[in-house]
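Hi,

Here is the structure I promised to pass on. Have a look at it first, then read my notes below.

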Amino acid sequence: MKNVGKYMLHAAAIFWAFTQIYPIFFLFMSSLKDNRSIIVNVFSPPGLLNIHPENYAIVWSGEYQRITVGRYLLNSAIVTSVSTVISVMIAMMAGYALARYYKRFFSILSDVFLALIAIPVHAVVIPLFFIINNLGLLNTYPGLILPYVSLALPFSILIAKAFFRSFPKEVEEAARIDGASEWSLLMRIVFPISRPLLAVLAIINFPFFWNELMFSIVAVTSNDMKTLPVGILAFRGRPEAEPRWDMMFAGMAISTIPLIIFYVLFQRQIIRGISVGAVKA
Amino acid sequence: MRSSRRRKSTTGVFPYLLVLPSLLFILGLTLYPIGFTLFLSFHQWNGLSPTMKFIGIGNFGRLFSDPVFWVALKNNVLFSTLVTFGTVIIGLGLALILDKQIRGWRIYRNVYYFPVLLTNAVVALLWTRFYDPYIGLFNVFLKSTGLDQYAHPWLGDPNTAMLAVIVKEVWQYAGFPMIILLAGLASIPDPYLEAAQLDGATYLKTVRWIILPLLKNVLAITIALQMIFSFKVFDTVWAMTFGGPGNTTQVLATYMYTVSFGFSGPPMEFGYASCIATVMLIIIFPATLIYLRLVKLGEMRL
């Protein structure tokens, strides 16, 4: 009887794992097939002599419908990494100040940042579009990076503050006695030993920037500046005689590979970071 | 405290310089936009004209008599309720299974979480293909097993479109509550469970009378978080249906975009769209604040 229960648990675990893996497997399998076999043999993998890795090359370089997934990937990589670096840096600076200096102004500021976490993107996205437009930054990297940083800041700052609150002060005290200036203390002593914080902030913010669609879809209209989520939607519903599923699957596969690499490299930190991320709605 | 008082006199402007960049970002790109959204919601503006016409609460009056708004609001409630229900039930089941530390449970956990990380728009597009009437997985499967009569244009039929979108979201995000609940389960002291076992309680009884009551707080937090998160839905619906067919899958966020930004052609109504954004703010802001109170972000430990 006990064994039966155990088998059922295993069966359920395997079943859900299958439902999670199969769609991703299906995506990669289909991305290597030609259009005809995608339509005719929906479920079967590509025949050994009928594998089409060139699908990737075609969508990469824009030979199909001027869709240049390689370019989108580059744009996403630039926007995501720069946004992550900037937001982590200035969130750590602010978080440190809020945690270490007991002034009325800072406690008010903490409450403001806490309240701002509760602001949905929807409430700022229309004005953001016009601000970026007035600054002449539509279809530029800063036009995405600046709003992304501001969207990520309130939550990042409060995580940084919580981190520095639980961070021993002795090291700083010692350095201060040695006559280090506040700035060099921060840059040369505090930040270098704040790696765990850096990791948590980067891991929470990176996927948010990488996947962001709501703002980028209006701030980017030129093909050369599209990020992956925006660019990939170009595969949707083209009014042509024969839809090219092979192209679409290859495009989606390319945009999924970086996330797989990211997850394989950092899965332990990501899973651990979620308990922190859970606070973010 | 003692040391902080001493430092006060020596630090000068330094701490202010540290918060300055964040402050500039927040003032210019968050607080000002919020004010602008509120301002716009009382105006009529096509985004191009140099003047905005003040119309008082005209936008709100129009919104509350707009049938599409009510459909969108209903869909938001339906979406976030069902997605929360689905992901939390599945997530709880998975967490209970993995908490028994069956062989390979860490691998299962990592597999279950992976879709959460995937790009929403890409997953949505993939599922659009799964729902395709001709070559979609569901219909091909149904036809090959002789269940032809159930084959269906899932996203094309107003009766099933919303449900199809919800199923995709549950598939992608069930791993999220699972992780939180798994952490909650791990914090239940073993003696409670051992005592129940000694009393001869079956596993299901232990879950019902010991585990669930002890998990109550974590469960409440998870449910609140999923409700708020899924109420903000945009990407999934935008990528799968654009709010169609015939506005039947419209949610507030997609409707806001439909009436502005020219996605549905002119007129672009940014005042009206801001009014929708304001309504979303009025719903989401207090809900999230209450949630943040619940989890006590200020006292969080890393």
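In what order do the elements of chain A run from the N terminus on? They go α-α-α-α-α-α-α-α-α-α-α-α-α, with 13 helices and zero strands in chain A. Helices (H or I, at least four residues) and strands (E, at least two) are DSSP runs, numbered from the N terminus. Chain A has a radius of gyration of 24 Å, well over the 19 Å that the globule rule gives for 281 residues, so it is more spread out than a compact globule. (That radius is taken over C-alpha atoms, and the rule is 2.2 Å times the number of residues to the power 0.38.)

A quick caution: this is a predicted model, where local features need pLDDT of at least 70 and side-chain atom pairs count only at pLDDT 80 or more, while totals for chains, interfaces and linings use all residues. Residues are numbered from 1 along each chain as its sequence is written, and chains are lettered from A and ligands numbered from 1 in the order in which they are written.

Now the two chains together. 73 residues of chain B are in contact (C-beta atoms, placed from the backbone, within 7 Å) with 79 residues of chain A. On the chain B side, helix 2 (residues 14–40) gives the largest share, 15 residues.

I276(B) touches L63(B), L252(B), Y255(B) and M256(B), leaving out residues up to four places away in sequence.

Finally, the C-alpha trace of chain A spans about 75 × 65 × 35 Å along its principal axes.

Cheers

Definitions and conventions. Contact = placed C-beta atoms within 7 Å.
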